[in-house]
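Visitor: Could you take me through some of the helix and strand packing here, and say what each description rests on?

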Amino acid sequence: MRFIFKTAYDQDLRLFRHGGQVFWYGLLAVALLAAPWWASEYMMTQLHFIGIYSIVGLGLMLLVGFTGQISLGHAAFLAVGAYTEALMQAAGWPFWLSLPCAALLSAAVGIVVGLPALRLKGIYLAIATLAFGVIVEEIITRWDGLTGGNSGKHLKPIELFGMKLDGDADFYYLVLALTTLACIVLANLLRSSTGRAFVAIRDSEISAACLGVNLAMYKTMAFALSAALTGVGGALYAHKVTFISPEQFTLLVSIELVTIVILGGVGSLHGAVFGAAFIIVLPQLISLAKDYLPAGVAGAAGLQATVFGIVLIGFIIFEPLGLYGRWLKIRIWFELFPFYRKGMFRRQKTYMKSERLR
Amino acid sequence: MKFFSVENLGIRFGGVVAVDNVSFDVQRGEVYTIIGPNGAGKTTIFNLIGLIYPASSGRIVFQGRDLTGRKPHQVAELGIARTFQNIELFEHATVLQNLLIGRHRHRSTALWQELAFTPAVRHAERAQREAVEKVIDFLDLQHYRDTMVAGLPYGVRKVIELGRALATEPRLLLLDEPSSGLNPEETNEMAFWIEDIQKGLGITVLMVEHDMSLVQRVSDRVLALNEGRAIAEGTPAEVQAHPAVIEAYLGSKEPA
């Protein structure tokens with residue numbers, strides 16, 4: 001068992017709470033940095049996607065998990081980032097400039113989408129963002145003068161300060177650096193006043209307003225930051241797949257992104273990364289399992305979607321805190337060994353909340 | 001200049017006049033209590049002061065500033081804090097985080113600084129934490145600092161909500177039924193704290209309360225409401241003996 005004795009406020013401000021965390025994260029960092037030496041070519045591709053989806057997942061996590069605003073249109077921000085990157089690269093802009101532009105443009109679109117969020121809540125916000133996602137997909141398809149319509153856009157490998165990042169390892173390090181940066185930036189945000197304001201809005205808008213949180217401003221800010229991260233993810237995604245077209249940014253993708261957040265664990269940064277890893281690995285597990293399934297089931301169309309659906313429902317019923325919640329329980333089991341009790345995580349009935357004023 | 005005044009305040013919801021032409025002043029440093037039977041419009045007045053409902057008529061003036069036309073978060077920035085009758089805490093955050101959110105109006109850092117967690121942010125966070133620790137000491141919450149609010153008992157939550165309001169360093173504190181749901185011991189403690197807040201911290205308190213023993217003990221002046229109208233104002237003893245108040249609570253003597 002570990003006891004942490006706190007003797008300074010700074011201990012609560014640190015990114016890492018104790019030496020154990022530094023050790024394990026350090027180990028993870030070494031393993032990830034050494035990935036090109038231990039991972040096969042196939043695994044490298046998986047790692048690329050996990051990194052990219054983590055960035056997008058972190059963006060959506062900020063919005064859904066920390067600010068409590070749902071979005072079923074995040075594929076649109078992915079598209080804005082991807083197309084901005086494709087078009088700017090085609091126009092000859094360097095990557096170090098086009099990536100921030102992709103983020104900024106996505107953020108700008110995010111602000112526009114955030115405007116209805118100031119009035120809408122829950123299911124209505126979900127519908128509004130869903131409609132927005134469909135509209136963006138439609139615009140991309142129709143505006144073929146700019147986007148190439150259904151024939152899509154091709155991208156060249158990234159060129160960064162004269163270096164061509166065309167190898168698996170080069171691109172991997174870029175994605176790794178940006179994913180790490182995204183994690184750190186969000187962790188920073190969440191341990192300062194803006195992050196706390198987001199959490200306040202998530203848990204009780206009325207209290208937040210009564211404590212001086214400008215709801216309109218902070219909700220818009222959450223949408224902008226979330227969209228910006230998703231835009232960065234989109235730009236990287238475009239480079240990874242080298243060809244983008246409207247079919248890659250459909251409603252199903254938006255739902256897949258929400259799945260990352262829910263499977264990973266709403267309200268935790270770890271959750272976004274866990275969820276991203278899970279959603280990339282699951283299809284591979286399904287295709288491995290196909291060999292052992294009867295031909296009728298294995299060959300059925302929509303097998304993957306069905307499994308995804310079942311997994312999602314299972315998580316919502318049995319582990320609402322997602323993979324990260326499960327991980328926490330396992331960790332606490334070890335930390336408390338042998339004192340773990342069965343009812344430890346039974347959810348308590350929450351006390352009556354006052355009548356919601358808004 | 002009056003410290004805080006409500007002038008001819010009124011609101012109607014459809015045909016129901018919830019608050020009808022109510023006026024009162026609160027002087028700096030006093031504990032002013034609003035009493036009245038259920039549905040008298042007490043909490044509605046609080047929601048009008050917090051600008052959660054737009055008033056149909058009248059105005060609210062705090063330290064010479066008219067609140068009309070402002071947004072709820074601007075009320076907090078002027079230095080008015082409140083608690084809620086049925087507790088509105090941030091459930092999925094620790095007690096410490098709840099209190100820190102109370103420091104929101106004292107934030108000093110910009111978004112870009114926070115994203116990079118610059119030394120300025122670290123410095124500001126340390127200062128916020130120190131301010132919050134004072135509140136924790138004041139209300140004896142040390143034991144709960146890192147606990148999630150979601151699992152705490154009702155009495156403790158009530159105190160945390162009081163702490164969160166104090167963390168904003170208000171000039172005027174609105175308490176909506178501070179003793180509701182508390183047992184006699186906890187109510188007694190609450191009374192001590194209200195006295196300490198008034199005398200020790202020098203914060204003016206405006207409260208809505210049902211428990212007459214608590215009202216008598218802490219209030220300087222009392223306003224009685226019935227069906228949205230003010231029926232009596234004065235010291236606790238005066239108001240309690242006022243015939244209109246007795247009638248409002250117990251009904252009149254005449255046989256039906």
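**Helices, sheet and their angles**

Guide: In this predicted model, helix α7 (residues 184-199) of chain B lies across β3 (31-35), β7 (172-176) and β8 (204-208) of chain B, and α7 runs at about 145 degrees to β8(B). Helix α10 (residues 243-250) of chain B also packs on the sheet, where α10 touches β9 and β10 of chain B and makes about 130 degrees with the direction of β10(B).

Visitor: What makes β6 and β10 of chain B the edge strands?

Guide: The open sheet has six strands in the order β6-β7-β8-β3-β9-β10 (chain B), with mixed pairing. Strands β6 (80-82) and β10 (229-234) of chain B each pair on one side only, and are therefore its edges. From one strand to the next the twist averages 20 degrees.

Visitor: How do you know that β9 and β10 of chain B pair?

Guide: Pairing requires at least two bridges; strand β9 (residues 221-226) of chain B and β10(B) have five, in the antiparallel sense, and so count as paired. Within this part of the chain, N226(B) stands opposite R229(B) in β10(B).

Visitor: Why is α10(A) called roughly perpendicular to α12(A)?

Guide: The axes of helix α10 (residues 193-203) and helix α12 (residues 215-241) of chain A come within 10 Å and cross at roughly 105 degrees. Angles of 65 to 115 degrees count as roughly perpendicular, so α10(A) is roughly perpendicular to α12(A). The contact involves A197(A), F198(A) and I201(A) of α10(A), with L215(A), Y218(A), K219(A) and A222(A) of α12(A); by class, these are six nonpolar, no polar and one charged residues.

Notes
Residues are numbered from 1 along each chain as its sequence is written. Chains are lettered from A and ligands numbered from 1 in the order in which they are written. This is a predicted model: local features need pLDDT of at least 70, side-chain atom pairs count only at pLDDT 80 or more; totals for chains, interfaces and linings use all residues. Axes are lines fitted to C-alpha atoms, for helices over the stretch in contact, and angles run from 0 to 180 degrees between N-to-C directions. Helices (H or I, at least four residues) and strands (E, at least two) are DSSP runs, numbered from the N terminus. Angles under 35 degrees count as roughly parallel, over 145 as roughly antiparallel, 65 to 115 as roughly perpendicular and the rest as oblique. Two residues are in contact if their C-beta atoms, placed from the backbone, lie within 7 Å. Ala, Val, Leu, Ile, Met, Phe, Trp, Tyr, Cys and Pro count as nonpolar, Asp, Glu, Lys and Arg as charged, and the others, Gly among them, as polar.
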